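Let's walk through this protein together, with the model open beside the text.

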Amino acid sequence: MVSIPLRLDPASWRRPLMRLAALVSALALAACEPPQQQASGPQTGPVIDPSQPVQVALLVPGGSGDPNYDYMARSMANAARMAVADAQGARIDLRVYESGDDAARAVQEANRAVGEGAKVIVGPLHAESANAVGNAVRGRVNVLSFSNNADIAGGNLFVLGNTFANTANRLVSYGVDRGLSRFLIVHETDVAGQIGGNAIEGAIARNRATTVGKTGHGPTRAEMDRIAPTIARAAAANQAQAIFLTGNNVAVLPEITGALADVGLSGQSIQLMGLTRWDVPGDRARLPQLQNGWFAVPDLPRIAEFNARYRAAFGEQPHEFATLAYDGVSAIAAQVRAGRRDAVTTAGLTRGSGFAGIQGAFRLLPDGGNQRQLAVATLRNGQLVIIDPPSRSFRGAGF
């Protein structure tokens, strides 16, 4: 998971935010649609004529002068154009707006896009900008932001990025199905770690399992070494069957698992689980203390196929967030192709069957969050192994 710090401006928030903004790295609407989810709150978004071109605004983080953001923006715009080309009869009038890395500029571009006829907005990148844009166009159009910060979601604002809650739920439910019922949570004490810990705790409750302990630790190995014996005693005293770690900071996961291994808590003695990917960066996969741990990954074969198509078309590797731009535009195109006049309304976007996204099947929830189908993976002899593949649909699935 890649976390991007949130620049706090309390006056800009619709509600108090408890999470850092984070972003994580749709081909077609599922063929068989179950009953529509029950929407909550006001219904937003214009009714369209699906026989006519539907104007979609894409807000990308270009134009700031930062080459990294320019690369990201180029990848997102190209991926969205691929989705338009793949629309199979749906007529999408895609217009790209550079919103930079600034909430005020994002609002300016969003208002310009709506003034020019946009029926829905895909983007922007950061949670702060997405929240500001959602407020600015509230009552007019819906916003499918690239954030995974579920605290900004609701009303006309949806998040496309995979959320902590979704990852935690996937792993806990997999564990419960295999007989695990007593979980101990180990989290960082920074904001992201606390949020991740809360998401794990919520997933444990949702799956009718038990949290037998919850311990925070600081960012240094010395702090982790001090807390590790306490964690070991708590695990033994409370008969923990699994330890679920946040490991949100890239440098933290190898250190906290190393500290736990030193007190006898490894994949050989207890089931370790992680909220972030354990196979990246590549050299991490060979760490002995991470072997046999569980973590979630997106639909990797589908992403590889998309990346190959992108490289063939544009001559470079896409940024990992490009898939979110493709998914957002393609989901809209699938609705239009199906002839739905409510394609970009709240009710249309939250249809229960969801969409076949590049990262995996996903659906938008009435509260503005999302559910994405993920694979459960592990590491064996330094190699990534998929132990439970993602479902390709939501038929009969719930959250």
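## Helix 1 against helix 8

Helix 1 (residues 67–85) packs on helix 8 (residues 300–314) at an angle of about 100 degrees, and their axes lie 11 Å apart. Since angles of 65 to 115 degrees count as roughly perpendicular, that is why helix 1 is described as roughly perpendicular to helix 8. On the helix 1 side, the contact uses Arg-74, Ser-75, Asn-78, Ala-79 and Met-82. Helix 8 contributes Phe-306, Arg-309, Tyr-310 and Phe-314. Sorted by class, this contact of helix 1 with helix 8 has five nonpolar, two polar and two charged residues.

## How confident is the model?

Please keep in mind that this is a predicted model. The mean pLDDT of the protein is 88, and 88% of its residues reach 70 or more. Residues 1–41 are a stretch to view with that in mind, with pLDDT below 50. Beyond near neighbours in sequence, this stretch has 139 contacts in the model.

## Helix 4 against helix 5

The next pair to find is helix 4 (residues 164–177) and helix 5 (residues 191–206), whose axes come within 8 Å and cross at roughly 45 degrees. The two helices are therefore oblique to each other. Helix 4 passes helix 5 in a right-handed crossing.

Which residues make the contact? From helix 4 they are Phe-164, Ala-165, Ala-168, Asn-169 and Val-172. From helix 5 they are Ala-192, Ile-195, Gly-196, Ala-199, Ile-200, Ala-203, Ile-204 and Arg-206. By class, the contact of helix 4 with helix 5 has 10 nonpolar, two polar and one charged residues.

## Helix 6 against helix 7

Helix 6 and helix 7 (residues 252–262) pack at an angle of about 40 degrees, and 8 Å separates their axes. This angle makes helix 6 oblique to helix 7. Here, helix 6 passes helix 7 in a right-handed crossing.

Helix 6 brings Arg-221, Met-224, Asp-225, Ala-228 and Ile-231 to the contact. Facing them from helix 7 are Val-252, Glu-255, Ile-256, Gly-258, Ala-259, Leu-260 and Asp-262. The residues of this contact of helix 6 with helix 7 divide into seven nonpolar, one polar and four charged.

## Salt bridges

How many salt bridges does a search of the whole structure find? The search finds 14. To look at an example, go to Glu-109 and Arg-112, whose side chains meet in a salt bridge at 2.8 Å, N to O. Both Glu-109 and Arg-112 lie in helix 2 (residues 103–115), three residues apart, which is about one turn of the helix.

## Backbone details in the loops

Most residues other than glycine have a negative phi, and most peptide bonds are trans.

A cis peptide bond joins Gly-123 and Pro-124, with omega about 0 degrees. You will find Pro-124 in the loop between strand 5 (120–122) and helix 3 (127–136). The peptide bond from Val-280 to Pro-281 is cis as well, with omega near -5 degrees. Pro-281 sits in the loop between strand 11 (271–274) and strand 12 (295–297). Finally, Gln-239 is not a glycine, although its phi is positive, at about 55 degrees. Look for Gln-239 in the loop between helix 6 (221–237) and strand 10 (242–245).

Methods
Residues numbered from 1 in each chain as written. Predicted model: local features only at pLDDT ≥ 70, side-chain atom pairs only at ≥ 80, totals over all residues. Heavy atoms only, no water. Axes fitted to C-alpha atoms, helices over the stretch in contact; angles between N-to-C directions. Helix = DSSP H or I, 4+ residues; strand = E, 2+ residues; numbered from the N terminus. Parallel < 35°, antiparallel > 145°, perpendicular 65-115°, else oblique. Left-handed = near helix turned anticlockwise from the far one by under 90°. Contact = heavy atoms within 4.5 Å. Nonpolar A, V, L, I, M, F, W, Y, C, P; charged D, E, K, R; others polar. pLDDT = per-residue confidence, 0-100. Salt bridge = Lys/Arg side-chain N within 4 Å of Asp/Glu carboxyl O.
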